[in-house]
Amino acid sequence: MVGMNDDSAFLVTDVSRLLRRRFDDRARAIGVTRPQWRALTALSRQEGINQGGLAELLEVEPITLCRMVDRLEEAGHVERRRDPGDRRAWNIYLTDQSRPLLDQLRSIAEDVFAIAFDGFSDGERAALSSALGRMRDNLTYADKDQSAHG
């Protein structure tokens, strides 16, 4: 059983913060904020998602997402298209202009992770990935279990 003096949670938080900071510094140099990067990456995985679905996926309020999409659209990175099944809804798509930007962002992420994993063996990387995946699954399923029994 993990005790209150276990520092794993603090380490996970610190590593996450440092990864974000390192990435943000590099992404800012090419004119992208972290929320924009997250939105573009989510769209690259689920292109054509509607604004409500994207807001939920990114865990932001719909109005916050709407403003973000406005800025991305003004910059030429995304476009809104009417949802053929719901005239009130908009689906979001990447533009051709956004694809090289996504490639740059992926390269930045790869560089940041190369720094973070410096000195790790393949086995250590795999073990860490497996452990973090299990933690995520445990927490995800715990949330579902609690809401089901709520």
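Analyst: Ground rule for helix pairs: axes are lines fitted to C-alpha atoms, for helices over the stretch in contact, and angles run from 0 to 180 degrees between N-to-C directions. As for the source, this is a predicted model: local features need pLDDT of at least 70, side-chain atom pairs count only at pLDDT 80 or more, and totals for chains, interfaces and linings use all residues. Residues are numbered from 1 along each chain as its sequence is written, and side-chain values use heavy atoms, with hydrogens and water left out.

User: What secondary structure does the protein have?

Analyst: Six helices and two strands, in the order α-α-α-α-β-β-α-α along the sequence. The C-alpha atoms fill a box of roughly 50 × 45 × 25 Å along the principal axes.

User: What makes H2 and H5 roughly perpendicular?

Analyst: Their axes cross at roughly 110 degrees and come within 11 Å of each other, so H2 and H5 get the roughly perpendicular label too. In this pairing, H2 brings Trp37, Leu40, Thr41 and Ser44, and they meet Ser98, Leu101, Leu102, Leu105 and Arg106 of H5. Leu40 is listed in the H2 contacts with H4 and also in those with H5.

User: How do you know that Arg99 and Glu47 form a salt bridge?

Analyst: Their closest N and O atoms are 3.2 Å apart, and the test asks for a side-chain nitrogen of Lys or Arg within 4 Å of a carboxyl oxygen of Asp or Glu. Arg99 sits in helix H5 and Glu47 in the loop between H2 and helix H3 (51–58), so the bridge ties together parts 52 residues apart in sequence.

User: Why is Arg99 called partly exposed?

Analyst: Its relative accessible area is 36%. Buried means under 20%, exposed over 50%, and partly exposed lies in between (1.4 Å probe, protein chains only). Glu47, at 34%, is therefore partly exposed as well.

User: How many salt bridges turn up overall?

Analyst: The search of the whole structure finds 11. Among them is Asp86 with Arg88, at 3.2 Å from N to O. In that pair Asp86 counts as partly exposed because its relative accessibility is 26%, whereas Arg88 is exposed at 73%. Another joins Asp137 to Arg136 at 3.5 Å; here Asp137 is partly exposed at 29%, while Arg136 counts as exposed at 54%. There is also a network, with Asp70, Glu73 and Arg80 joined by salt bridges that share partners.

User: What makes the nonpolar patch a patch?

Analyst: Val12, Phe120, Leu128, Leu132 and Met135 make it up, covering about 390 Å². Members need over 30% relative accessible area and no salt bridge, and nonpolar side chains (Val, Leu, Ile, Met, Phe, Trp, Tyr) are joined within 5 Å, like charges within 9 Å. Phe120 has a relative accessible area of 33%, so Phe120 passes the accessibility test. Phe120 lies in the loop between helix H5 (98–116) and H6, while helix H6 (residues 122–149) supplies the largest share of the patch, three residues.

User: Why does Glu56 count as exposed?

Analyst: Glu56, in helix H3, counts as exposed because its relative accessibility is 67%.

Notes: Areas by Shrake-Rupley, 256 points an atom, 1.4 Å probe, with all protein chains shown as cover. Helix = DSSP H or I, 4+ residues; strand = E, 2+ residues; numbered from the N terminus. Contact = heavy atoms within 4.5 Å. Parallel < 35°, antiparallel > 145°, perpendicular 65-115°, else oblique.
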